[in-house]
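Dear colleague,

I am passing on a structure for you to look through, and below it I have set out what was found. Please keep the viewer open while you read.

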Amino acid sequence: MKRFAFVTIAAAGLAACSGHGAQSVLPSTGTMGSSTHAASSFVNPPAGWAATNTLGATVTNASDNGALGGATALTVRLGLQLHNVSQLQQAIDAGTPISDATFMSQYAPTSAEATAVKNYLQAQGFTNVRASSDNLLISADGTAAQAAAAFDTAIEAFSLNGTPVYANTKPALVPQSLGGIVVAVLGLNNAARMVTAPHINGSPCFPVDPAPSGTPCVRSYGPQEMQTFYDAGATAAATATTVAVMAEGNVAQTVADLRYAEGQDNLPQVPLQVVQVGLSSPDTAGVIEWDLDTQSSTGIAGSVKELYLYDTTSLTDSDIANEYSQWTNDDKAQLGNSSFGECEYQAWLDGSMAVDDEVLMHAAAHGQTMFASTGDTGSSCALAGTNGVPGSGPPLVSYPASSPYVVGVGGTTLASNNDDTYLGEVAWNSGGGGLSQFENSTRLMQRVQLVGGTVAEANLRGLPDIAMAADPNAGGFNVYTQQPLQTTTGPCGEPCTIGGTSEASPLAMGSYARMQAAHGNALGFGGTALYTEYVENSTSSATLTGPPPTQVVGGFHDVITGANGAYTALPGYDYTTGMGTFDISVMNKLIGH
């Protein structure tokens, strides 16, 4: 892969692209660089050791409390290298389904490679050593002292805003015999983690559009209104398609809230299973996010065959990798949603980008599609001290949305007629978008995302792929909760209007679920199917005068007004709304042919 210059950040530590939290994780050296999956090229290991993609980090704006106690319990997760990657990429681009037997024989790490890694971990004193069924992830339980010795690293304890965290301050190495087998070592750092950021609008919205002067917002939408706005029309509910929401912590309230919302919205109860991934956690901080994800996705879908709530221990990069691995290897849900993210540099730094991309590539080979929100700070990622203001940070995009094997979803501001039908959309000013500095595009993406003709722009991954409603003041989703949500301005009434790209991503998943169901779940990975449809129908067939105006490009509404900081919405693909938003009925007729 080609290497490109990376913007140097010398001040505050990196925070999540959502603009919430401040993980403050920076490399332990002063050097930053970029190259897809090539963090290991910045490490010069001593004799007998081999580099991985897990670099050393430090935690800024925090107190260093010295070495992490040697007896501290850790779970490490080692990502293993795929084989024949270019051929696998070509198969995914071509939409060629790959059976598990073919994947294991031609692409997966071999049994001998997995055994060698497991034997090494056991020899170092780790217990409960287990491999995922595709051999891409090997987990083991041990102590900080065992991990430091096994990977020739140092793990420091820090106090960040009063919270104890830890991070490896030296790169993670493996014995030379495992070089080229182990991609990265996760679990040595719990300071970098994904963050959720639903935008709650605590004010009631006027029920018709346009709102009278002085009202607090223009319009909010329930599931039926979203179905009308995005023209679900005669496209049947997604009763033949199974979807999944990636979640964390105690999700019992989310399940209860979904049942309550279904009653309020006169929707059928969807079959639902909670899949516990790793240890259970009592954390309920993300409940409102999981409420938004479950209610909006199944709401715009009309119904689904089954909804899985994958429930991991925490939002650390290691636990998210474990969650993705479970979803991929279960292969029960054709679609998944991740309404969380972090500045992509963090995922590159600790190696989780390298691990997750391989797992998500396996999912795409299955024909599974993960949707992910692109963040709510416009054309930048938030840094500590910027308070998440759009455009106030460096030009980084959000991970996992930046993975080429994820459909990244940006945001729009909606305008509808009084009967909820489509009038137009504007790029939401906070919707995440831009060029990745660490990920390359797939062949299909390069055909659409080339802007300006430079080598970097031809190869680098652009975001978003598509967009959907996100503006909490003009397009927020009405979420029902059994107990009123408390906001900074008081309780949020029933229903509570919530927006952000945390809304856009599950709306996109629910819309695609309708299309998958109508096509017998044969559309496969959305990154291939949607870009193929766009390329085949790339000429604008009509302009909708709005206001605001949009253009019809195949099954997309091409959003041509608005901006998100550095980027402006223009005809064709752009870094504010990607290819555009769905006209579900039109897209359903065109896609997959």
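Which residue of β26 does Ser 220 stand opposite? In this model, which is a predicted one, Ser 220 faces Gly 476, and that pair belongs to the place where strand β13 (residues 219–221) and β26 run parallel, joined by three bridges. On β26 there is also a pairing with strand β29 (residues 496–499), again through three bridges but in the antiparallel sense, and here Phe 477 stands opposite Ile 498.

These strands are part of an open sheet of four, ordered β12-β29-β26-β13, whose pairing is mixed. Because β12 (199–201) and β13 each have a single partner strand, they stand at the edges, and one side of each is left without a neighbour in the sheet. From one strand to the next, the twist averages 45°. Helix α7 (residues 287–301) lies across β12, β26 and β29, at about 100° to β26, while α13 packs on the sheet by touching β26 and β29, with its direction making about 75° with that of β26. Strand β26 itself (residues 474–479) is mostly covered, since six of its six residues are buried.

Finally, please look at the nonpolar cores. The largest has 115 residues, of which Ile 466, Leu 530 and Phe 582 touch the most other members, and helix α13 (residues 501–518) gives the most to this core, with eight residues. If its neighbours within four places in sequence are left aside, Phe 582 is in contact with several residues, including Tyr 230, Ile 466, Met 468, Ala 508, Met 515, Leu 530 and Met 587. There is also a second, separate core of 28 residues, and among its members are Leu 74, Ala 147, Ile 155 and Ala 172.

With best wishes

Conventions. Residues are numbered from 1 along each chain as its sequence is written. This is a predicted model: local features need pLDDT of at least 70, side-chain atom pairs count only at pLDDT 80 or more; totals for chains, interfaces and linings use all residues. Side-chain values use heavy atoms; hydrogens and water are left out. A nonpolar core is a set of buried Ala, Val, Leu, Ile, Met, Phe, Trp, Tyr and Cys residues joined through side-chain atoms within 4.5 Å. Buried means under 20% relative accessible area, exposed over 50%, partly exposed in between (1.4 Å probe, protein chains only). Helices (H or I, at least four residues) and strands (E, at least two) are DSSP runs, numbered from the N terminus. Contact means heavy atoms within 4.5 Å. Two strands pair if DSSP finds at least two bridges between them. Axes are lines fitted to C-alpha atoms, for helices over the stretch in contact, and angles run from 0 to 180 degrees between N-to-C directions.
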